[in-house]
Amino acid sequence: MRIVVLNGVNLDVIGRRDPGLYGGLALSELETRIYEWASELGCTVRCRQTNHEGELIDWCHDAFDWADGVIINPGAWSHYSYAVRDAVELFAVPVVEVHLSNILEREEWRRFSVLEDVVTARVIGKGPDGYREALELLVKGNE
Ligand code: DQA
């Protein structure tokens, strides 16, 4: 199984952001864990991060013909980017939306995600381990 992990805006600096919210790992450390979890689970992953909305959308388009499952954390775009939503909606494969922090218990404007009704599942507020849970959901769903 091939899974693409797409991290959006400001996820490149999670190591500098509030560790109480984001877990304190650098993105490279998070990605190392994701690659290890994927090999334990017997799947192939490709991790990508960008601060450019159009690039994230291009990577969604690239993944249409490659991925059997998608994990996406669009960062702040989750709350307002209809362009990201439209791209995600086109996936024919399962998509899991991940948020490191518990957006449901933060500021009012963070509680809503424009992706919430176009994804297959959501993993919210579990920190870096949320990506493992998302991988497991996709692998289980593919069995
Ligand atoms: C985030 C939550 C968003 O509200 C925020 O803008 C982020 C990260 C999370 O992973 O908790 O950048 O998506």
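1. Ser101 and the ligand. An N or O atom in the Ser101 side chain is 2.6 Å from a ligand oxygen. That is a polar contact (a pair of N or O atoms within 3.5 Å). Arg17 also uses its side chain: one of its N or O atoms is 3.0 Å from an oxygen of the ligand. For Leu100, a polar backbone atom is 2.8 Å from a ligand oxygen.

2. Basis. This is a predicted model, where local features need pLDDT of at least 70, side-chain atom pairs count only at pLDDT 80 or more, and totals for chains, interfaces and linings use all residues. Residues are numbered from 1 along each chain as its sequence is written, and side-chain values use heavy atoms, with hydrogens and water left out.

3. Cover. On its own the ligand has 320 Å² of accessible area (Shrake-Rupley method, 1.4 Å probe). The protein covers 98% of that.

4. Shell. Residues around the ligand (a heavy atom within 4 Å) include Val9, Tyr22, Asn73, His79, His99 and Arg110. The shell divides into five nonpolar, five polar and two charged residues. Here Tyr counts as nonpolar, Arg as charged and Gly as polar.

Definitions and conventions:
Polar contact = N/O pair within 3.5 Å; in protein donor to acceptor, adjacent residues only side chain to side chain.
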